[in-house]
Amino acid sequence: MATSQAEFTIGLQCKLCGKIYPKSPVNFCTDDFGPLEVVYDYPAIRANVSRAQIEARPRTMWRYRELLPLDGEPTVGPQVGGTPLIRADRLAKELGVSKLWIKNDAVNFPTLSFKDRVVSVALSKAREFGFKTVGCASTGNLANSVAANAAQAGLEAYVFVPSDLERAKILNTSVYGAKVIAVHGTYDEVNRLCTQVAFKFNWGFVNINLRPFYAEGSKTMGFEIAEDLGWRFPQHVIAPMAGGSLIGKIHKSFEELYKVGLVNEAPRTKMYGAQATGCNPITDAVKTGRDRHKPVRKPNTICKSLAIGDPADGYFSKNLIHTTGGWADDVTDDEIVEGMLLLARTEGIFAETAGGVTIAVARKLLAENRLPRDEEIVLCITGNGLKTQDALEDAVEKPALIKPSLDAFLEVFSGGDMGLAKSYGPAVLV
Amino acid sequence: MSVTVEIPSPMRDLTDGQTRVAAEGATVAAVLADVVTRYPGLRAKLYDGDKLRHYINILVNDEDVRYLDDLDTVVNDGVVVALIPAVAGG
Ligand SMILES: Cc1ncc(COP(=O)(O)O)c(C=O)c1O
Ligand SMILES: [Zn+2]
């Protein structure tokens, strides 16, 4: 019986043909170029985990370490994860549903998106493999996370991004001392360039040669959702999609909790995917039933974090959505902004544009009767609104600018509730 | 039409080490069919039964055929058809 962390991970397996590869920084099958995925020894893990043991550990993503692909202790991002799952009653009322939760990775540590989960696994693994330099192709959040976590780990980082990214996303990368390369082109062009760089230089690219390990980190969002619901699964989960990895890993996390005996009932969760209409290759494939997604050559949306025109996991996420009985849809830029405002004004959560996508798609799915109103729904909020403030420039009211006098205030105060002040009697404070 | 097909490194042991091979055909589909007739070992890499594998991208003069007419894309004399493993991602 295996008992050490290293023995829980068997190797990598091709998702198309099943061929097994040893644990190494490779990401595709040499027979059919299919993507590789980490395989675990579930019976061994089952014999070595319990709810009590996990609950006794610190509230970070590493409390599920037996189901993550490291050989030793995490050395990068030991405090990532453990974000709140909140009951969102005010938003539920607005949407007309009865049981709604928000998994809030807008406050994930350290860089305020779920990407810290994938990066802490990828960079811990990069160190196990002995890489000194790491890199990524990114739509922004991954860039922030690789830069910050590499700084903490003392690794050199090269971060490639499309040059039209939000200012804040670029600044939030450079500040950590990473070398930022802004490429004239779309994410897909950046990605193709990085693949060439990764083959030429012996660097650990988190979403290229380290991708099988990296992607596993997203499962922890699902582990936390299930644990916080009392070790059970919600009926519906809505997640934003870019490359299409996160949505698949959340579902995989539920299957694994069942396989290793931490949850007794098999998951029947329906998975729903959300994209922006200006870059909707996966939702389009779901809605039209086409087998291969049609790539979007020039994404055009305020939601730059999800602007991947040729998603690596498009095929698998589309299949997952169909097989679980979920659905997918996309929303316009105006709807995205409305979604951001709705979430902020009902739950006090300032999510980035991808969060606006998720909220607006939830509303659309409800309107289309694709999602029932009386069952348990979890919405995945994956990034922070402070990074995409440009999107709200025209959507929020400018502050009233007044002189420091009560008269000036009364002039702009348009007769709302005066609250407690009345009970002090006539103008006692003036 | 006579075209040149670029073979990626993980497939070159099936084309006697050649990086570029010649092929004939009026469309991308016809060109690929001709290539696998000339180099039968490539068939299993490119096709799963009758269907082209999901993780191979095909570029005609640097343009991904999914932005054109996919496998029905018409090819002219002298174009370069490149086969590229779609290995990276978001
Ligand atoms: C905020 C945010 N949410 C969701 C995603 C989607 O993740 P995936 O590429 O795994 O589909 C991204 C990816 O870049 C992101 O930045
Ligand atoms: Zn394979």
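This report looks at the ligand site and the cysteines of a predicted model.

Some housekeeping before the details. Residues count from 1 along each chain as its sequence is written, and chains are lettered from A with ligands numbered from 1 in the order written. Local features need pLDDT of at least 70, side-chain atom pairs count only at pLDDT 80 or more, totals for chains, interfaces and linings use all residues, and side-chain values use heavy atoms, with hydrogens and water left out.

**Ligand 1**

Ligand 1 sits in the largest cavity. A cavity here is a set of points, on a 1 Å grid over the protein atoms alone, where a 1.4 Å probe fits but cannot get out; sitting in it takes more than half of the molecule's atoms within 2 Å of its grid points.

| Residue | Distance from backbone N or O to a ligand 1 oxygen |
|---|---|
| Ala242(A) | 2.9 Å |
| Gly244(A) | 2.8 Å |
| Leu246(A) | 2.8 Å |

On its own, ligand 1 exposes 390 Å², and the protein buries 98% of that (Shrake-Rupley, 1.4 Å probe). There are 16 residues around ligand 1, and Asn141(A) and Thr382(A) are among those that come nearest. Sorted by class, that shell has seven nonpolar, seven polar and two charged residues, with Gly counted as polar.

**Cysteines**

How many disulfides does the structure hold? Zero, over all chains, taking a disulfide as two cysteine sulfurs within 2.5 Å. For Cys136(A), the closest cysteine sulfur belongs to Cys194(A), and at 7.3 Å that is too far for a bond.

Technical notes: Near = heavy atom within 4 Å. Polar contact = N/O pair within 3.5 Å; in protein donor to acceptor, adjacent residues only side chain to side chain. 1 Å grid on protein atoms, 1.4 Å probe; cavity = no way out; pocket = protein on both sides within 12 Å on 5 of 7 lines; lining within 4 Å.
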